[in-house]
Amino acid sequence: MVKKPLEITLIGILTLFILLPFIPLVIWSFTKHWPWPLLMPENWTIESWTYLFSISGRAFEGILNSFIVAAIALLGNIVLGIPAARALAQNEFIGKNIVFSILLAPLFIPYTISIIGMHDFALRLDFLNDYVSTAIAHILVTLPYFVATIWFQYRLMGKKLNEAASILGANEWKIFLWIEFPLLVPSFLLGSFLVLVVSYSQYLPTWIMSGGTLLTLPLVIFPYANSGNSSIVSAYSLLFFAPILLLLIIYFLLLRINNRKNTNESR
Amino acid sequence: MHLDQVTIKIHQDSIINSLSLSIHPGEIFVLMGPSGSGKTTLLKGIAGLLSLTSGRISWENGIGTTGLVFQEPRLFPHLTVLENIAFGLRVQGVATKERRLQAGNFLKSLQLENLGNRYPHQLSGGQQQRVSLGRALILNPDLLLLDEPFASLDTSLREDLISWLYQLQRRLGFSILWVTHYIDEALSIADRIGIIFEGKLQQIGNPSEIFQQPDSEKIAHFLSLPNRFSKQQWQNWFQRDLPLPQTLNRGWIDSNHLQIIDEESQLPSNGIKEGLYSIISGFIMKVKPNREGYTLTIQSNSETLEVSTIGWSKVPALQESIKIKIMFEHIYWYSE
């Protein structure tokens with residue numbers, strides 16, 4: 001009983017800590033002028049928001065481009081990451097640790113080095129469509145998150161169910177589709193969520209790979225962040241956060257549907 | 001099914017060494033052997049989970065099918081009991097309606113009626129293992145491979161399941177290659193028993209042959225046969241040369257066949273001619289109660305014998321001095 005109020009207080013403090021920065025952002029996005037020491041601005045306006053969704057604001061274009069690149073990056077992660085994670089979790093082979101380290105390398109190689117390498121890469125891949133080349137860069141950045149998440153679930157699953165299915169006649173593809181994938185769903189959802197969010201936040205790789213021509217949301221926002229226009233920057237920041245919030249809600253919803261399906265009690 | 005000179009190597013280690021074996025239709029063949037003797041490897045080899053390094057598997061009708069049931073049920077946790085049982089049919093491309101019907105009908109034989117829509121985690125250990133058996137049996141395998149399927153269950157449940165499976169097998173007529181390390185399990189179901197050591201079959205026979213005539217001291221030791229002594233020791237006790245072939249140089253006697261005698265009943269009674277016997281004296285070192293009475297550990301000079309008594313009314317006392325009568329005809333002889 002003593003523990004509960006303490007828990008509630010801690011959760012309350014944590015929630016405040018996360019939510020507090022959003023309060024001034026919301027206020028700033030609805031005013032042009034909010035000088036110190038005023039507690040609240042004297043004049044309110046929705047100008048920043050109308051600008052955002054105007055042709056020169058390019059918010060829709062930014063969201064759409066970000067979404068397309070993130071979706072291609074996710075597809076790439078699925079195609080490359082699941083077989084890689086499976087091979088690493090289920091097989092023993094010489095040099096396994098090296099392969100694993102290379103796959104996780106983007107996590108611990110200094111960002112500057114990757115970016116310089118990527119720049120060279122961008123020149124060579126110039127013939128590719130901007131969406132595709134940008135997504136390739138995003139795959140490099142996001143793959144470690146995806147592989148690590150899926151690999152962990154594969155390790156938990158082991159090979160015993162595969163053996164059981166194989167004896168019942170299932171080939172590798174059926175085993176994957178009917179046994180492994182349904183059991184991978186929770187980590188697949190988490191991995192996909194991470195890929196989308198990380199891809200969505202990339203600035204430099206997008207800029208380098210597309211030569212600054214593909215305007216994803218971070219690229220749209222950046223010039224305003226430099227301009228010192230607090231109202232527009234606040235509005236963009238909130239807009240930037242909205243899809244992440246949406247993804248988070250979708251993630252939890254899908255996870256819940258999946259869990260309910262698996263623990264569904266028969267009557 | 002015939003195994004012909006089958007060898008299975010894992011990482012250059014020979015786990016199964018040119019093993020040959022035939023299993024007849026409708027037969028229950030029990031494979032026994034110590035841990036690491038290659039039992040599971042052999043089953044996996046037959047089931048196709050491991051490839052044979054050399055040798056071949058052949059079937060009387062050309063092609064044969066196998067089903068393998070592991071020690072743990074290995075049910076698919078996201079599928080219901082019905083879906084688990086129907087999994088093999090789904091792989092074969094049987095239509096949903098048809099396979100649900102077949103699996104549903106099969107539930108009755110498995111004594112799992114009304115549990116078809118449950119998930120594995122909602123079943124008891126015994127029920128889970130029955131689903132696992134059902135999942136293999138619904139495909140009508142020619143040979144069912146069992147890898148200690150009931151080892152993790154408690155004794156009474158294990159006995160129930162063994163007798164259930166035995167009856168099912170006699171009714172449906174498939175063959176079983178059954179790996180177990182429980183001697184009672186082997187005796188209650190086996191048509192034949194094979195003993196495997198270090199990837200080689202050491203002896204094959206029906207249960208009574210295996211127990212009465214173990215091929216070697218190693219097998220006798222593995223079967224935990226009591227009162228195993230060299231011919232020389234037996235001759236010391238009988239104080240004469242025993243009329244035995246040269247090759248049979250060891251003998252064992254069941255603890256039930258050793259008779260504790262009183263001083264007065266030592267002499268042959270009523271003039272009825274008894275066979276060759278010996279009486280040895282010793283004292284009680286250990287008393288262990290069992291279902292019939294007591295199992296006594298008797299020290300006689302430098303040797304230790306195990307004697308069973310019937311009834312609990314008279315509790316043997318430790319260090320008590322006793323005499324034991326050994327009938328020559330009750331000793332089973334085998335080679336070292």
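# Chain B of a predicted model

In chain B, strand E3 and strand E8 (residues 192-197) are paired in the parallel sense over four bridges. In that pairing, Val30(B) has Ile193(B) of E8(B) as its bridge partner. Strand E3 (residues 28-32) of chain B is also joined by four bridges to strand E7 (residues 175-179) of chain B, and these two run parallel. Here Leu31(B) lies opposite Val179(B) of E7(B).

E3(B) is mostly covered, with five of its five residues buried. In a regular strand, side chains alternate between the two faces of the sheet. Ile28(B), Val30(B) and Met32(B) belong to one side of E3(B), Phe29(B) and Leu31(B) to the other, and all are buried, so that both faces are covered.

## Overall description and confidence

The model is predicted, with ipTM 0.81 and pTM 0.81. Chain B has an average pLDDT of 89, and 96% of its residues score at least 70. Confidence within chain B is lowest in helix H7 (residues 183-189), where the mean is 85, and highest in H3(B), at 96.

Chain B contains 10 helices and 17 strands. Its C-alpha trace spans about 80 × 45 × 40 Å along the principal axes. Of its 336 residues, 32% count as buried. Among contacts in chain B with a separation of 6 or more, 65% are between residues 24 or more positions apart.

## Domains

Chain B is divided into domain 1 (2-222) and domain 2 (231-334). The centres of domain 1 and domain 2 of chain B, taken over C-alpha atoms, are separated by 40 Å. Contact between them involves six residues of domain 1 of chain B and four residues of domain 2 of chain B. On the side of domain 1 of chain B that touches domain 2 of chain B, two residues are nonpolar, two are polar and two are charged.

## The E2-E1-E4 sheet

Three strands of chain B form an open sheet in the order E2-E1-E4, with antiparallel pairing. E2 and strand E4 (54-58) of chain B are at the edges and have a single partner strand each, so one side of each is left without a neighbour in the sheet. From one strand to the next, the twist averages 25°.

Strand E1 (residues 2-10) and strand E2 (residues 13-22) of chain B run antiparallel and are joined by six bridges. His2(B) is placed opposite Ser22(B) of E2(B). E1(B) and E2(B) form a hairpin with two residues between them, and His11(B) in the turn has a positive phi of about 50°.

On the E4 side, E1(B) and E4(B) pair in the antiparallel sense over four bridges, with Leu3(B) opposite Ile57(B) of E4(B). Helix H1 (residues 39-47) of chain B packs on this sheet and touches E1, E2 and E4 of chain B. The direction of H1 makes about 65° with that of E2(B).

## The E10-E11-E17 sheet

Another open sheet of three strands in chain B has the order E10-E11-E17 and antiparallel pairing. Its edges are strand E10 (228-230) and strand E17 (332-334) of chain B, each with a single partner strand, so one side of each is left without a neighbour in the sheet. The twist here averages 30° from one strand to the next.

Strand E11 (residues 250-252) of chain B pairs with E17(B) in the antiparallel sense over three bridges. Arg250(B) has Tyr334(B) of E17(B) as its bridge partner. Helix H10 (residues 231-238) of chain B packs on the sheet, touching E10 and E11 of chain B, and its direction makes about 85° with that of E10(B).

## Strand pairings

The pairings described above are listed here.

| Strands | Sense | Bridges |
|---|---|---|
| E3(B) and E7(B) | parallel | four |
| E3(B) and E8(B) | parallel | four |
| E1(B) and E2(B) | antiparallel | six |
| E1(B) and E4(B) | antiparallel | four |
| E11(B) and E17(B) | antiparallel | three |

## Contact with chain A

Chain B has 15 residues in contact with 16 residues of chain A. Strand E5 (66-69) and helix H3 (87-91) of chain B are the elements that give two or more residues to the side of chain B that touches chain A. H3(B) gives the most to that side, with three residues. The residues of the side of chain B that touches chain A comprise six nonpolar, six polar and three charged.

Technical notes: Residues are numbered from 1 along each chain as its sequence is written. Chains are lettered from A and ligands numbered from 1 in the order in which they are written. A residue is buried if 20 or more other C-beta atoms lie within 10 Å of its own, exposed if 12 or fewer, and partly exposed in between; C-beta atoms are placed from the backbone. Two residues are in contact if their C-beta atoms, placed from the backbone, lie within 7 Å. Ala, Val, Leu, Ile, Met, Phe, Trp, Tyr, Cys and Pro count as nonpolar, Asp, Glu, Lys and Arg as charged, and the others, Gly among them, as polar. Two strands pair if DSSP finds at least two bridges between them. pLDDT is the predictor's confidence in each residue, from 0 to 100. Axes are lines fitted to C-alpha atoms, for helices over the stretch in contact, and angles run from 0 to 180 degrees between N-to-C directions. Domain bounds come from an automatic or database domain assignment.
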